[in-house]
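Please read them alongside the coordinates.

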Amino acid sequence: MLFNLLSKEVQRSDTYSVKNHKLILKAFSTLTWLYSDQLVVLMQKFAESNDPGKMVLALQVFTKVFENVPQTEELQCKVMNFIIMVIQKDHKPVPKALLHFIEKLGMHNYLYLPEGNSVIDYVIRIQSDSSNEEGIRIMCSGILQMVSLPKLLTLVCDPSYTFAFVLLSGIATEMALEIHYQGRTPYLDCFQDSSTRLISPEEVLTSLVVFSRKPYREKTFGANALQLLDALHPLTSQHRPIYKKVGQLWNMEISQMLKTLDDHTEQSLNQEEWEDTLLWFLHETLVATKNDHWVQRLIRVVLARINYFSNDDYDDADKAFLYKVFGFSLRASSHEILVSTMVSSLLRTSNEELQQREGIAVALSILSTKHLEIVLKELEECGARLTDNDSFILKLPEEHQQREWVLLCYTIYLSYSKIILKNNGTIFMHLNAILALVVQHYHNCVVKKDENVKLDYLNALTILTDTVSSQQHMAFQLEFPHKLWILACMVELIREEPLTSISSPIRQKAMTIISNFRMLRPLLGIEEREEILQTCLESVLCLPATEVLQKEASSPEEAQANVVLLEETLQSLQSLMEALVLETPTWMENCLEVSGTKPPICICKLLTALAGNSCGRQNLESQVETITGMPFNLLSKEVQRSDAYSVENHKLILKAFSTLTWLYSDQLVVLMRKFAESNDPGKMVLALQVFTKVFENVPQTEELQCKVMNFIIMVIQKDHKPIQYSVRNCIFTKLCSQCCKQQRFPALDHRGQGNNGAGEQWFEVPKALLHFIEKLGMHNYLDLPEGNSVIDYVIKIESDSSNEEGIRIMCSRILQMVSLPKLLTLVCDPSYTFAFVLLSGIATEMALETHSQGRTPYLDCFQDSSTKLIFPEEVLTSLVAFLYKVFGFSLRASSHEILVRTMVSSLLRTSNEELQQREGIAVALSILSTKHLEIVLKELEECGARLTDNDSFILKLPEEHQQREWVLLCYTIYLSYSKIILKSNGTIFMHLNAILALVMQHYHNCVVKKDENVKLDYLNALTILTDTLSSQQHMAFQLEFPHKLSILACMVGSPD
């Protein structure tokens, strides 16, 4: 009955209507007092209605009468169930009546109840939804301020509420500061007085430090976290000395960190330095507490978060940061048992993901800087699981045992690696013991040691030995006897690998590990080195050729994988030879003897190994000419296409040239020049081809560029005509594809002339030269000053129609490598007019290509260039035929009246001797008049004054030139008026009477002798103007031009 009465509209002007409404609400209050339980049930019934009006009415009534309800536990339970049911309906838009009721509940501490979490969650999500109106979100903020500080902090530090962190942390900071003003500690008092499970101080500190890692998320994430942390002090302890020490630290460090954030942006902040600052702040805080129990609790919080990794609330960087937090936090403790226990706990956390293994290793490396002995002991005990027959690994299902063994092994070796890098050499005192464990892990492995386990073991060991190799200079005086055991183990693995196939990187990894140990003592003796070298050479060089591996593969993917694996294995062999050979240079001949029947392979490998070591260059420097001649001699031998080894040798010789170039680029240029200076065209071609091939590997120094350009200019100056020479050996399939189709390569005819017999291959010197120039173009040599001579040669070769098509195509390809500004310089150079069509075509293609990339085709290149190139203005002048039009349109673009006036005056002072010049001036002024008519007319009037002014420059000319100058100027002015009339679409007629007045003055006040010739020339000029007026007079039909009558009188001879 009361609900029905309430639904009636209240007439505010009717006193009885208003009074009735108040009485109905009072009746509800009385009913609530009498039957609170039943009324809740009744309210719930109305709330379940699908009528939103009834729901809002029920909420409004309940909000009004709630003050008078006895707050029993039973009632609280029913009310919370009622409100949660309403929330779950998720009405849109959000009913304000619902938020008013929740606000009322907050006033009566309902939000402190366990069911209050659901209500708070609802309010947070409503407030964080930007689609809700501002009033709704303000009400939500007000409700959240009724939540207790510990409970609010629990929400702040919950990763699932990261989206609302800025809001919640801001409210929490205000509440903490308010408690401070009341003379209480803001958090610990509340925490200690609470009977419910709330977030601990250790969790708060950890969370806020982690949240500060990305300080500019949502603009103020880091600042909010640090300000909240500062407001919560004392968070660590209320013990006065600790409170004071931590307070001093926080006041100084937090204010400094906030200043850092103010001084930077997300782009300018050094993220690594910022993280280090946070970690050091946490470390120093824990040191200041002097409380191992506090440290222990915090470490357990961090471990719990690390184990929480399966949840996606943390990104990868936050997870990695947590491991650093673990390391820095535990580093603050001096309690050895605690450190040992926590390290053991860390090593038992999940290591399934690479990031987890990396994190564990980083944490231990940080901790090792203070507790090295403890960390190494725990790693040793952890490693015992790899060899202990009672290991937990053997208790796993058999299909998981190998993987668990490998993951643990990888984690341990990665940790050793990180610790070595972190400890600046002190770890090397323990390295021999570590190497002893490495040997035990392999020999006493508790799982089945198949190929996969071997490979995974080697991968893990490679990480460790790579690090040892990079730091081995710190351990040069120490002895590591177990190094020899590991090397023996690696040799054993290499010998076990098959010689007829390559399917596993085991031999490659083993050779890499041997190389990594090269400088550790004890150094290998000669016999040990020879044994290792011979084993590795036989194991690698006996493998099938690339073509065979591809042919025997079961699929294209396997074929490609085998080829890549072979290349990586050869690279490891090169590194190994660097390690074993370069330390004893006199071994080179012995090493060649070991190679048996494959000298080119060993030459290539040795040279490549030399290239990888600083002393390699010195070892061969005195013999560079002899060594370079040897590959040249080998290249002259016939290549048997049917013999895989013959083809492979050929490729390896070329590779040896590349290595020599890397080692001795300057000397090799001189040597190649020596071959090129030879009168033997075969050697010339060979030198050019080899240099083209190896050029990719040459360090491009300025000195080398100078020598190469001098070399190529010298070859150009020989001006080789396209006389064909028989070449004994085609070096590059790309240079002469036809040659590769032959089964044999013919010998060189040293007379320089071929007999064009069957099976012989012909090659032209200019082609080899052009291929080399093309390679230079790829490395921007053509942009050098000396490149002009090369470009000139190429242009002339291309423009010579007597050259074959292939030569000319190569030349066009080279010219496409010239930069656009430089190409335009050639296009606009009159001396290259003979090649204009070719050069302009290439330039056009390049400009269009630049346009397609979204750039301006010429100005970008011009502005970036440091060399003197043709100006854009010169390009336009050269390419646009009508320069006067260029003047008109260019000046029309300006809005600077003084500039326009000055330039028009300058134009009218230019030469007008030729009819084309007078026409050009008139056209330019007509274009300009479409925007600056008044200025143009004024300048023409001032210019016309020279025709009537007794001080005119015309009278200063010799008498015989005066009449002609007067006529030319008159013609120019009248022709300009004519063009302007045609261009102005009638607007000029407003000024026409003034122009006609000037025309009369020009004749009557003429400053030169007015003979018959002057009269006739005057009339010719005037005819041009009047012809134009006649064609346009329909536009001026309504206007009066009184001076027309004066002109007509002049024409009939009557001055009146």
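1. Axes here are lines fitted to C-alpha atoms, for helices over the stretch in contact, with angles running from 0 to 180 degrees between N-to-C directions. Helices are DSSP runs (H or I, at least four residues) numbered from the N terminus. The model is predicted, so local features need pLDDT of at least 70 and side-chain atom pairs pLDDT 80 or more, while totals for chains, interfaces and linings use all residues. Residues are numbered from 1 along each chain as its sequence is written, and side-chain values use heavy atoms, without hydrogens or water.

2. Helix 18 (residues 336–347) packs on helix 19 (residues 354–383) at about 85 degrees, the axes being 9 Å apart. The pair is therefore roughly perpendicular (65 to 115 degrees). Contact (heavy atoms within 4.5 Å) involves, among others, Val-339, Val-343 and Leu-347 of helix 18, and Leu-364, Leu-367 and His-371 of helix 19. By class, this contact has 11 nonpolar, three polar and two charged residues; Ala, Val, Leu, Ile, Met, Phe, Trp, Tyr, Cys and Pro count as nonpolar, Asp, Glu, Lys and Arg as charged, and the others, Gly among them, as polar.

3. The axes of helix 9 (residues 149–156) and helix 10 (residues 165–181) come within 9 Å and cross at roughly 150 degrees. These two helices are therefore roughly antiparallel (over 145 degrees). Their contact includes Leu-152 and Val-156 of helix 9, with Leu-168 and Met-175 of helix 10. It has 12 nonpolar, one polar and no charged residues.

4. In helix 8 (residues 134–144), Ile-136, Met-139, Cys-140, Ser-141, Ile-143 and Leu-144 are buried (under 20% relative accessible area, 1.4 Å probe, protein chains only). Their cover includes helix 6 (96–107), helix 7 (116–128), helix 9 and helix 10.

Definitions and conventions
Parallel < 35°, antiparallel > 145°, perpendicular 65-115°, else oblique. Buried < 20%, exposed > 50% of the residue type's maximum accessible area, 1.4 Å probe, protein only.
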